Amino acid sequence: MSVEEALATARAQVEDYRERIASLDDDSRDLMFRQARNHNAWQDRDVTDAQLQDAFNLARMGPTSANTQPMRIAFIRSTEAKERLNPHVNGPNQEKTMAAPVTAIVAYDNTFFTDFPRFNPIRPEMADRFSGNAEMAESFSRIQAILQGGYFILALRAVGLDAGAMGGFNNKAVDEEFFAGTAVKSIFLCNIGYGDVAGIKGPRLYRYEFDEVCDVL
Ligand SMILES: Cc1cc2nc3c(=O)[nH]c(=O)nc-3n(C[C@H](O)[C@H](O)[C@H](O)COP(=O)(O)O)c2cc1C
């Protein structure tokens, strides 16, 4: 396909979906945001690899700066792997993590820039900004991967799963256990499965109103 044909196809794809859908309906907004909760207990229902792939395939489409994709995920499913993770999880998060069908370690790779020619062939020279500046590579990759991690939580909801995100764990110990000898470092954990409402401990906590935190200038 020529460059012109590829561009025409990309534009047609945007026009096509816009004809099919203008915005999420009320049910979809509930599923993704309004009624979805962070979960702390899990039904005895399996999650398949195909479901995890389904969620990842949505999350990877979320935009990042320069199309960089520094997020890495280790899916912890086996009892053996859960037992390696458990000692490094804060006490209150341990039981729910062991009970969840899968726990994702959402992480980032600060050497992401070596792949620039593949994910941004239009401006591969952008890699030079990061290769000579470890501090910039570190903070940039962490921020972009956090964005991707947020997309991943919402993608899990979009495919009908529930998520239970957790920052309460020992990052350094988890990195040594699962990512030793690599440039990958953990950001947050995310239990994945079908939430049991018994784990909902109260009504939704307060969320700021638009006027409290937004300005229209
Ligand atoms: C990045 C992140 C880290 C979190 N860490 C923890 C945690 O360590 N333990 C915990 O019980 N909940 C944790 N939570 C859950 C939040 O407390 C929860 O999402 C928030 O209270 C909103 O809950 P709701 O979505 O059910 O309204 C975390 C959530 C996120 C997104």
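1. N67 sits in the loop between helix 3 and strand 1, where helices are DSSP runs of H or I with at least four residues, strands are DSSP runs of E with at least two, and both are numbered from the N terminus. Phi of N67 is near 60 degrees, which is a positive value in a residue other than glycine. With 15 C-beta neighbours inside 10 Å, N67 counts as partly exposed; a residue is buried if 20 or more other C-beta atoms lie within 10 Å of its own, exposed if 12 or fewer, and partly exposed in between, with the C-beta atoms placed from the backbone.

2. Before reading further, please keep in mind that this is a predicted model, in which local features need pLDDT of at least 70 and side-chain atom pairs count only at pLDDT 80 or more, while totals for chains, interfaces and linings use all residues. Residues are numbered from 1 along each chain as its sequence is written.

3. A66 is partly exposed, with 16 other C-beta atoms within 10 Å.

4. Is P70 buried or exposed? P70 is placed in the loop between helix 3 and strand 1, and it counts as buried because 25 C-beta neighbours lie inside 10 Å. Once residues up to four places away in sequence are left out, P70 touches Y108, D109, F112, S141, Q144 and A145, where contact requires that the C-beta atoms of two residues, placed from the backbone, lie within 7 Å. P70 and N110 are 40 residues apart in sequence, and their C-alpha atoms are 7.0 Å apart in space.

5. The packing of two helices deserves a careful reading. Helix 3 (residues 49–59) and helix 8 (residues 134–158) pack at an angle of about 130 degrees, and their axes are 8 Å apart; here axes are lines fitted to C-alpha atoms, for helices over the stretch in contact, and angles run from 0 to 180 degrees between N-to-C directions. That angle makes helix 3 oblique to helix 8, since angles under 35 degrees count as roughly parallel, over 145 as roughly antiparallel, 65 to 115 as roughly perpendicular and the rest as oblique. The crossing of helix 3 and helix 8 is right-handed, a term used if the near helix is turned clockwise from the far one by less than a right angle, whereas anticlockwise is left-handed.

6. Which residues of helix 3 and helix 8 meet? From helix 3 they are A55, L58 and A59, and from helix 8 they are Q148, Y151, F152, A155, L156 and A158. The residues of this contact of helix 3 with helix 8 divide into eight nonpolar, one polar and no charged, where Ala, Val, Leu, Ile, Met, Phe, Trp, Tyr, Cys and Pro count as nonpolar, Asp, Glu, Lys and Arg as charged, and the others, Gly among them, as polar.

7. I187 lies in strand 4, which spans residues 184–193, and I187 is partly exposed, with 19 other C-beta atoms within 10 Å. Leaving aside its neighbours within four places in sequence, I187 is in contact with V106, A107, Y108, R142, A145, I146 and G149. I187 and S23, by contrast, are 164 residues apart in sequence and 31 Å apart in space, C-alpha to C-alpha.

8. Exposed residues can be checked too. S2 is placed in the segment before helix 1 (3–20), and S2 counts as exposed, with 7 C-beta neighbours inside 10 Å. G91 is found in helix 5, residues 91–99, and G91 is exposed, with 7 other C-beta atoms within 10 Å. The C-alpha atoms of G91 and A55, which are 36 residues apart along the chain, are separated by 28 Å.

9. For the overall picture, the secondary structure comes to 10 helices and four strands, and the elements run α-α-α-β-α-α-β-α-α-α-β-α-β-α from the N terminus on. The C-alpha atoms fill a box of roughly 55 × 45 × 40 Å, taken along the principal axes, and 28% of the 217 residues count as buried. Among contacts with a separation of 6 or more, 81% are accounted for by residues 24 or more positions apart.

10. The domain assignment gives domain 1 (1–35) and domain 2 (37–200), with bounds that come from an automatic or database domain assignment. The C-alpha centres of domain 1 and domain 2 lie 25 Å apart.
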